[in-house]
Amino acid sequence: MSDTDPIAVFLTEAAELLEQIEIGLLDLTHRLDDKDQIDAVFRGLHTLKGSGAMFGFDALAAFTHHCETAFDRVRKGDVPASQELVAAVLAAQDHMRALIETPHGDHEDKSSTLLSSLHAAVNGSAGTPMAASPAPTPTAPIDQDSSDRAGWTIRFRLPANAMANGTNPLGLLDELRDLGECRITVDKSKLLPLDSLNPSDIHLGWTVELLTDADRAAIEDVFIFVMDEMELAIEPILREAKPAEIAAGTTRETAPAPAVEAAAKPATPAAAPPQQAAASDQKQAKASENVRVPAERLDELMDRVGELVIAQSRLSQLADASIEIQLRAVSEDIERLSGELRDTMMVLRMMPVASLFGRFRRLVHDLSRETGKVIELETEGETTEVDKTVIDRLADPLVHLVRNSIDHGLETPDERRAAGKPEAGHVRLSARQSGGEVIITVKDDGRGINRERVRAKAESSGLIQPGAALSDQELLQLIFQPGFSTAQQITNLSGRGVGMDVVKKTVEALRGAIEVTSAPGNGSEIALRIPLTLAIIDGLLVRVGTGAYVIPLSAVEECLELSPEDDLRSRGRSFISLRDSLVPFIRLRELFNTRTQPDPFQKIVVISTGSERVGLVVDQIIGDHQTVIKSLSKLHHDVATFSGATILGDGSVALILDVAHLVAAGQQQEAHLRAAG
């Protein structure tokens, strides 16, 4: 017996429904006449209302009913969709979340306010008060004139697991009978032998010949909860083609019971169209392939895989020191299997950034209405995949960056027209993978960063000395200092100087880096360089002095040998010539102050982040290493040279080098040497 909490299942499905409703509403803001989106929003509201009532969320069901009624009128053409209606339902959707999270709270005042806005939006569009959806009438057919149509032939087959999901076919048949006079026949063509029959599955299909003046939409409403997964064909019955037995008049009182065949020999229903059947099979197959797994279980599994990788490293070290051939063979098999398991686990943790970018459509919509600015959001690279932990932690920083771009960056429509720009400002979110990093960029085409104002604010705040010489990048990085803001006044969006500080702290906690570029009058671009994963990486294990260190393998370009002659020749100017280009290098032995003599033949590991490269001089390259990343203690969180630590096979600890920090150090070294020369 399953111990799954049904309320927990409802909460999960309700969250998905609310997300689908929000996506549909935001799509409607661009295409108010899109009937498919109107139908999708209506179905989502209808399903949420029914599910809420089923699980005891009566306040949610009652409130959602009003939104459903509004969209039912839009769906039937009684009122047109409008931006005001979409905004009202978006606000109501936020309230639905509150009704789900605190079903017994005091929400009456908020509900009344939102319903007043909803009524005003509908009345403003139609000029008449909003009322409950009217029952189907004989004068409202959709695709066939009632003078030529006697009713409908309905052929349907539910998904096999429909009853397990709470759908009773008898209830559907009863709803169809309520629409008019009907004759029901059963299709048993897919009925399995008794010994292989699963009693919880549905193996039957039905054909219903329905005499009614109701339109197609009224019939589709009967199946609205299962329409996306079932086989359904609805065809009109023309009056001249009306079957004799229907013409004789089978009344609702004398109609056969839904569970029993109406005739001694049932009529075989026509097969559903091949395209429809194929689409239905594909949807059912897709639904059966996906399994919901709580995030904490994935994290626990990731921890177990990490411990397995450490144990495998220990086994490999013991096998290398042994002369037993069988032990080495087993060690190689375990190494291969643990590597495959690690790769599979990493894929499970990866999520497309589309799940992150999708949240900002609503934010931009709300800020556009709040600021009076015309804003268009563009996204690119939504299929780029990142570790789920990275996505979770990046949500808040990106919110601050987008809000900052809209408030500080984009001008008002009048200012943009005066500057010769289009009235609509653009905010662009993009993601791309570069080696072992993902680069997420927030770009706008606004006024850009005012460097004079940034410098003046930094000097008045004591962040820099008056007249201090700063590079352009160092000056732009000042906007991430705690409490720093160039806003003239505090608003609901910005001005307190806390948002960009949050961005910097979060990105640094993810072992990432921030790059800022800005052109006055042409907008700004902020790029976040974030590691793809925070759990297990492939690393290059090296020795510097007597200590072992790990360099992320994704950042390694190549390895060179530094001869004693080249080492002496480069004293004072630490450069190597690599294919007609000069690459600065850092002697890690001096950086770490090992107080040991260098090996006779040192090695240079060339690393890169994007287009920037730097060499790291080490004593020995030990080899590749599957690195399970362990966080440093709070006492060492300010040590920028290292991004974490790992446990080696012999139980010793190796520090993981922060590639971005070392590349930046190499660039500073190069700049100082050039200035000195």
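Author: Gladly! Two strands pair if DSSP finds at least two bridges between them, and strands (E, at least two residues) and helices (H or I, at least four) are DSSP runs, numbered from the N terminus. This is a predicted model, in which local features need pLDDT of at least 70, side-chain atom pairs count only at pLDDT 80 or more, and totals for chains, interfaces and linings use all residues. Residues are numbered from 1 along each chain as its sequence is written, and side-chain values use heavy atoms, leaving out hydrogens and water.

Here, five strands make up an open sheet with mixed pairing, ordered β14-β17-β18-β16-β15. Its edge strands, each pairing on one side only, are β14 (556-562) and β15 (575-577). From one strand to the next, the twist averages 30 degrees; axes are lines fitted to C-alpha atoms, for helices over the stretch in contact, and angles run from 0 to 180 degrees between N-to-C directions. Within β16, Pro 584 is the residue opposite Phe 575.

Now for the helices. The axes of α4 (residues 83-101) and α13 (residues 360-371) come within 12 Å and cross at roughly 120 degrees. The two are therefore oblique to each other, the class left over once angles under 35 degrees (roughly parallel), over 145 (roughly antiparallel) and 65 to 115 (roughly perpendicular) are set aside. Their contact (heavy atoms within 4.5 Å) involves Gln 83, Ala 87, Leu 90, Ala 91, Gln 93 and Asp 94 of α4, together with Arg 362, His 365 and Arg 369 of α13.
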